[in-house]
Amino acid sequence: MTEFHETLALTGERTVPGIPEENYWFRRHEVAYTHVLDHCAGRDVLEAGSGEGYGAAMLATVARSVTCVDYDESAVEHTRRRYPGLVVHQGNLIDLPLRDASVDVVVNFQVIEHLWDQPGFVAECRRVLRPGGLLLISTPNRITFSPGRDTPLNPFHTRELDAAEMTGLLTEGGFDVSAMLGVHHGDGLARLDAKWGGSLIDAQIERALAGQPWPAELSADVASVGTADFDIRDAAGPDGDIDASLDLLALAVRR
């Protein structure tokens, strides 16, 4: 018998797996989890803002333990049903329901841009991390995600960050930034960008705003995207170009 799992409603606030037209954004989120698996291996991990739960389930394949916290009750209930092996709490990210110094790694992917009190959240991460623990944060790069704007394009975002702003937030919150990485399109996605008038992202947004069915070719191209189609580059490397990245991925060590 085929096991059936319901899909969490797609609201625009989070991405979820299993929806072909959402595949580009899902894979762009998923690549960060793939990249940090080695940092989580054998460790006690908290995912702060676990959303649908797919990322925590990936981390659980290598971690000693994974605890999830999310504010949204429907997401928490879905995660408990869809991924019964995970420990999931409903709670506020600036008042985490964990003891002091209780985890080795905090993962917070594509969430901090939704928070009103970002310094308060960073302080909570420091509180629950053990000395020398690792905070991993990914977020859209403000420079490329909402170019030339003082307010985010995404109505669910409160404050977006560039690399310098992210570094300042973490440093002031008691962390040393050990790496600032950027997510970029690899060669395959660059070819799709060229095919769709310079930007596969814009082609998707245009169709979504038009409220019309997607062309079959666009749907097929979006559905074909995998995590290997994205490059993650170190800002310190020769091809870093962090300000041109699509998303930021910060690795920070608790002082």
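Where do glutamate 124 and arginine 127 lie, and how many residues apart are they? In this predicted model, both residues belong to helix H4, which spans residues 118–128, and they are three residues apart, about one turn of the helix. Glutamate 124 and arginine 127 form a salt bridge in which the closest N and O atoms are 2.7 Å apart. Glutamate 124 counts as buried, with a relative accessibility of 11%, whereas arginine 127, at 24%, counts as partly exposed.

**Salt bridges between elements**

The count of salt bridges comes to 14. One of them joins aspartate 247 to arginine 28, with the closest N and O atoms 2.8 Å apart. Because aspartate 247 lies in strand E8 (residues 247–254) and arginine 28 in helix H1, this pair ties together parts that are 219 residues apart in sequence. Aspartate 247 is buried, its relative accessible area being 3%, and arginine 28 is buried as well, with a value of 4%.

Arginine 142 forms a salt bridge with glutamate 165, the closest N and O atoms lying 3.1 Å apart. This pair links distant parts of the chain, since arginine 142 is in helix H5 and glutamate 165 is in helix H6, 23 residues apart. Arginine 142 is partly exposed, with a relative accessible area of 25%, and glutamate 165, at 28% relative accessibility, also counts as partly exposed. Elsewhere, Asp44, Arg64, Asp104 and Arg130 are linked in a network of salt bridges.

**Packing of H1 against H8**

Helix H1 (residues 23–40) packs with helix H8 (residues 200–210) at an angle of about 135°, and the axes of the two helices are 11 Å apart. That angle makes H1 oblique to H8. In this packing, Tyr24, Trp25 and Arg28 of H1 meet Leu200, Ile201 and Gln204 of H8, and the residues of the contact divide into four nonpolar, one polar and one charged.

**The loop between H5 and H6**

Phenylalanine 156 is placed in the loop between helix H5 (142–145) and helix H6 (163–172), where this residue is partly exposed, with a relative accessible area of 32%. Phenylalanine 156 and leucine 115 are 41 residues apart in sequence, while their C-alpha atoms are 9.4 Å apart in space.

Glycine 148 is found in the loop between H5 and H6, and this glycine is exposed, with a relative accessible area of 89%. Between the C-alpha atoms of glycine 148 and phenylalanine 175, which are 27 residues apart along the chain, the separation is 29 Å.

Notes. Residues are numbered from 1 along each chain as its sequence is written. This is a predicted model: local features need pLDDT of at least 70, side-chain atom pairs count only at pLDDT 80 or more; totals for chains, interfaces and linings use all residues. Side-chain values use heavy atoms; hydrogens and water are left out. Helices (H or I, at least four residues) and strands (E, at least two) are DSSP runs, numbered from the N terminus. Buried means under 20% relative accessible area, exposed over 50%, partly exposed in between (1.4 Å probe, protein chains only). Axes are lines fitted to C-alpha atoms, for helices over the stretch in contact, and angles run from 0 to 180 degrees between N-to-C directions. Angles under 35 degrees count as roughly parallel, over 145 as roughly antiparallel, 65 to 115 as roughly perpendicular and the rest as oblique. Contact means heavy atoms within 4.5 Å. Ala, Val, Leu, Ile, Met, Phe, Trp, Tyr, Cys and Pro count as nonpolar, Asp, Glu, Lys and Arg as charged, and the others, Gly among them, as polar. A salt bridge is a side-chain nitrogen of Lys or Arg within 4 Å of a carboxyl oxygen of Asp or Glu.
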